[in-house]
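Here are some notes for a colleague who is meeting this structure for the first time. Please read the numbered points with the sequence and the model side by side.

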Amino acid sequence: MKKFAKWSLILVSLSIFLLFSMGVATAIGPMSIPVDKALSIILHQIPPLDNFIPVRWTSAEESVIVQLRLPRVLSAVIVGVALSMAGVAFQCLFRNPMADPYVLGVASGAGFGASLAMILRLGFSFFGAIYAIPFMASIGAISTVFLVYGIAKTGTELPVLRLLLAGIAVSSFFSALISVIMALAGEDLHTVYMWLLGGFSLSRWEYIYIAAPTVIMGFVILYAFAKDFNIILLGEEQAKQLGVEVEKVKKTVLIVSSVITAVAVSISGIIGFIGLIIPHIMRILVGPDHRILLPSSALAGATILVLCDTIARNVIRPITLPTGIITTMLGCPFFIYLLKKTGKIRI
Amino acid sequence: MVILKVCGVDCYYGSVKVLEGVSFSVNAGELVGLLGPNGSGKTTLLRAISRTLKPKVGTVLLNEADVYNMKSSDVAKNMAVVPQSSSLEFEFTALDLVLMGRHPHMRRFEREDRTDLEIAKEAMKLTNTWQLAEKPINELSGGERQLVMIARALAQNPKVLLLDEPTSHLDANNQIGIMDLLRKICKEKGIAALAVFHDFNLAARYCDSVILLHKGKIFALGKTDEVLTEENVSKVFSVEVIVRRHPITNSLYIVPISPLQEIIPTKNFKVHVIAGGGTGAPLIKILYRKGYYVTAGVLNLLDSDYEECSMLGIPTVGEAPFSPITNENHEKNLGMVNQADIVILSNVCFGHGNLKNMEAVLYAVERGKKVIIVEETPIQQRDFTKGKAEELYMKLKNSGAVTVKNYYEVPSLLKNLENELSPS
């Protein structure tokens, strides 16, 4: 059918665009490396190909690409995918255009865990230093979700309005705790503050090995519910009458979206706005059908975040700005423009 | 063939009981109307049937299987719901929305294929909406939207169709259009349809049978003209109605006249009416409307005078149907006579069973009460006691009771008496 052909075209173009952005992002930086050279270095890392690609770069160039830029770009892709998908899912379930991946308090919970790790310098005692912050962040994020979930639940049902309010309450509570930690942080204040603003300065391959499979799995599960999402938009009662197991879908989707959000937050801190505006932009561009909205938002979110991170790294050299600042600074005006132009924001 | 069967369903919202002991069944090809005032439990009943609100007691059987033991997709393959007009602020096209009706028939990762598209197309052609297929749903008019929702329900290939006020907010043309369509669908596809209506005339005209809900219980059910009687409708809806047969459509039509209000007696003036056999009802109604505090003498339970009194909430001494007045009830009647300022005797026939009522009037005269006798036909024609009643009647007339020839003379007479009596 025509519809499906159009969808394929959209997804192919968005994928090409994403790969192109990743290439550019890897090439740009304080040490200027041409795109073709960067690409050769990347391909050289893949075992069967390394025999065919002659080494025409310095070892410094190779380590910049492989150890610094590539993990950073891939982290941005993973986080972009995770936040955009979670944004789509939450807006649909809550039937609320203001919902974003952080509505259930995931961000504050993660922030609390991470800042605790930072001021207690947990890394030096019982964890490997590199895992301490993301580990504590995910513990914080996931326990927050279960706390909110437990508060909102009534019997076997999970009313979305209760979830929303419980999310706000728990989120505010953890924000207050973060403020307490910051007040006590002393010399660690800067570290905590920068983490909360969100960025990819700490990106490492080790994180990607854990985050990538989780987010891919999350994508598969959410995509499996794409048709149910469309119907849930009509209202829970109608969805039930059309054979959707609403409560089951709701619980699964909330848990999966929260987990991928937690993964994203634990490797990048709190990146604002991506999870809110990407779904809206894509809804305007590709329509409300979640079978196209979900994958296209994932691709677009990844692309935008990679580009924003490239700007964050390069706009005021040698300072690297927190990426979250760039996404918010560019996202807000664009969103306002859309709001003015289309007049009406729908879910 | 029975497709949908509801057995003894009780439903609660929290601890509030909204449905009690509801049982009925719907056959294939039958269009059943569900009528009742606001809050009588119509929508709740649809929710209970459509597996949205589980009843505390009772079962809902779809093709003899309990819907609450079925998978929701299996229910949706056999039962479709057309909701009360819903706001649809999405950019889905009408076709997208109709294709959602195919959801229960599709596997998880499956896309709608040619067959699904054909079924959706057929449903849209049947509802005359195929030309709207590519239009965004939020740009459709209310009537078009409702037709698209019906098309979606049909795309589910259901055996049972539930509709919640399918014609509310629509103009006359669309109402008739949708009802004609519904009846056609039921007959042609053998679908059992249950539809909530607010408009009894639409229900009367289109439904094969009607269920009348009142305070969460079935008040009456059956053939449309058996259920939609003046008596049933006015009781359930607390409105005075007349029911006639329409000369053109030959269906019943029901015209509401005025709400039956709980009239609070405004006059400090008690009137006791002794009647029977329907001779008192018109007078009782008039006096009640005028604000008199009315009571009524011994009446048999199935008597239309008794029904009228109970409908108006008038204190009445009741006697078992077709039974003579017992001494106990006679005593009660005398008690009411004592309380009254005025006693009225209607143009009632007397047999041995109700002769005590005549004695009660005599008692009133003896106690010095004002007594009015309505004499529309001579007592000789109404006396079935071989002269006993006549004898008492004459005694009554000779001891100062006022006689009028027609019941509608009573109010003006009362007014005069009222002025006469009130200074004391």
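Is F322(B) buried or exposed, judged by its C-beta neighbours inside 10 Å?

1. F322(B) counts as exposed, because it has 10 C-beta neighbours inside 10 Å, and the cut-off for that class is 12 or fewer. Please bear in mind, here and in the points below, that this is a predicted model. The residue sits in the loop between β15 (316–319) and α12 of chain B, and it has a positive phi of about 55° although it is not a glycine. Most residues other than glycine have a negative phi.

2. A second residue deserves a look for its backbone: E165(B), which is not a glycine, has a positive phi of about 45°. E165(B) is found in the loop that runs between β7 (160–164) and α6 (172–189) of chain B. E165(B) is buried, because 21 other C-beta atoms lie within 10 Å, where 20 or more are required.

3. The next point concerns a pair of helices in chain B. The axes of α12(B), residues 327–339, and α13(B), residues 355–366, come within 10 Å and cross at roughly 30°, and the two helices are therefore roughly parallel to each other, since angles under 35 degrees count as such. Their crossing is right-handed. On the α12(B) side the contact is made by H330(B), N333(B), L334(B) and V337(B), while α13(B) brings K356(B), A360(B), Y363(B) and A364(B). Sorted by class, this contact has five nonpolar, two polar and one charged residues.

4. Leaving aside residues up to four places away in sequence, M85(A) touches G218(A), F219(A), L222(A), I260(A), L294(A), S297(A) and A298(A).

5. Finally, the contact between the chains takes 19 residues from chain A and 21 residues from chain B. On the side of chain A that touches chain B, α9 (226–232) and α10 (236–241) of chain A each supply at least two residues, and the largest share, four residues, comes from α10(A). The residues on this side of chain A divide into seven nonpolar, six polar and six charged.

Key. Residues are numbered from 1 along each chain as its sequence is written. Chains are lettered from A and ligands numbered from 1 in the order in which they are written. This is a predicted model: local features need pLDDT of at least 70, side-chain atom pairs count only at pLDDT 80 or more; totals for chains, interfaces and linings use all residues. Axes are lines fitted to C-alpha atoms, for helices over the stretch in contact, and angles run from 0 to 180 degrees between N-to-C directions. Angles under 35 degrees count as roughly parallel, over 145 as roughly antiparallel, 65 to 115 as roughly perpendicular and the rest as oblique. A crossing is left-handed if the near helix is turned anticlockwise from the far one by less than a right angle, and right-handed if clockwise. Two residues are in contact if their C-beta atoms, placed from the backbone, lie within 7 Å. Ala, Val, Leu, Ile, Met, Phe, Trp, Tyr, Cys and Pro count as nonpolar, Asp, Glu, Lys and Arg as charged, and the others, Gly among them, as polar.
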